[in-house]
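Please open the structure in your viewer and keep the selection tool at hand. The tour moves from the whole chain to single side chains.

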Amino acid sequence: MTPSVRATALLLNVAHALDHLFLLIFATAVVAIAADFGIARWEDLMPYAAGAFLLFGLGSLPSGRLGDLWGRRRMMLVFFFGIGAAACLAAAAQSAWQLAGALVLVGAFASIYHPVGIPMLVERAERPGMTIGVNGLAGNLGVAAAAVVTGLLVKWFGWRAAFVVPGLVSIACGIAFARVAPHEGEAPAKRTRKAAVALGPAELARAFLVMTAAAITGSLLFNFTTNGNGPLLAERMAGIASDPAWLGALLAAVYAIGSLAQLLVGRLIDRVELKPLYLSIVLAQVPVLAAAAFAQGWVFYALLVVSMALVFGAIPFTDAMIVRYVDDRMRSRVSGMRLAVSFGVSSTAVWLLGPLVKAAGFGTLLLAMACIAGATAFAVLWLPRERGADAAAKAAEPAR
């Protein structure tokens, strides 16, 4: 691997961290923003972020299409510079509706990464599962950074700095990416590289339906947890931890520890069949989330660590299915279609979070998430089995 390819891979992983960080700045700083705007309850401000997550999903469709037909390198440059500028615009907002508009732009530019950045990263990966696992770890470290970095910036400099500082970092990364990322000789749509595991048209359509259904439920869990864990932790750890910076550090530790599950899952994806591995992880989510609904204090904290490890551990599977079953020339478009549906539907979690917690409490929310995990397991049951005992081994080989 040449130095420029290694540097490009590093920046693509950093981009994943930034992608998730930007989407969670608002949720982490919502209490401070509500106080600044004169809104009595943070729950009443949460629906203003729904547009960002809606565009994060719907924007994946044109982003994936442009990634295949126009070029993934070019689209990643749009990502770095666009999301950085949108974050700076959010910092300048003077009202809830102005902030909502800026967050919509953040979501639109954030939609570029998953259908473009991940296919670009795994184009020639020798161990795609491990590559996806490391990339997933980077993304979840961005979730952790949103908790701790935003908490510190809000405490010492105010909520506006929590948008400006990452925005400037993203623009700097864009400049570096423009210098080191190799130019593409042709658009991905013109390539002839085949998928590692061949499925018939009916099986491929079935796999796409399963991955979309599982991605919807998985994204609902991801949005409910990552957007609600801050206030949830403050409620369940009341009397133990009350300082925002300390709570942010505890939450960052949850995400950092939970994210390590993606490395293990990434290694396993390269060695075993997807269906039984995926099914075992999502089934384990059900009892853990149900138990967390009734726990308090450090017991709750331990359950939160385990539940986030399971939620994060399930994330690599949809990307792994696309790498394993879909030709490289159309991966961004397939990923974009899947993400547009799953992220678009799961954006309702952000809109519902505040009103649901306000009306029924976090215990009811956690029980609902346990039911959602059960629905994910039901969807995974319909995933087609791979032909041959050596299918997993073949999937681990680089596509030629």
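What follows is a series of stops, each with something to select and a note on what is there.

This is a predicted model, in which local features need pLDDT of at least 70 and side-chain atom pairs count only at pLDDT 80 or more, while totals for chains, interfaces and linings use all residues. Residues are numbered from 1 along each chain as its sequence is written, and side-chain values use heavy atoms, with hydrogens and water left out.

**The whole chain.** Begin with a cartoon view, where the chain has 17 helices and 0 strands; these are DSSP runs, numbered from the N terminus, with helices being H or I of at least four residues and strands E of at least two. The radius of gyration of the chain is 20 Å, close to the 21 Å that the globule rule gives for 400 residues, so the chain is as compact as a globular protein of that length; the radius is taken over C-alpha atoms, and the rule is 2.2 Å times the number of residues to the power 0.38. Along its principal axes, the C-alpha trace spans about 55 × 45 × 30 Å. Of the 400 residues, 58% are buried (buried means under 20% relative accessible area, exposed over 50%, and partly exposed in between, with a 1.4 Å probe and protein chains only).

**Aromatic pairs.** A search of the whole structure finds 11 aromatic pairs. Select Phe79 and Phe80, whose pair is edge-to-face, at 5.4 Å centre to centre and 65° between the planes; rings of Phe, Tyr and Trp (its six-membered ring) pair if their centres lie within 6.5 Å, and planes under 30 degrees apart count as stacked, over 60 as edge-to-face and the rest as tilted. Phe79 is buried at a relative accessible area of 0%, and Phe80 is buried at 0% as well.

**Helix α8.** Next, select Trp159 and Phe163, which both lie in helix α8 (residues 159–180), 4 residues apart, about one turn of the helix. Trp159 is buried at 5% relative accessibility, and Phe163 is buried at 1%.

**A charge over a ring.** Finally, select Arg236 and Phe300, where the charged end of Arg236 sits over the ring of Phe300, 5.5 Å from its centre (this requires NZ of Lys or CZ of Arg within 6 Å of the ring centre and within 35 degrees of the ring normal).
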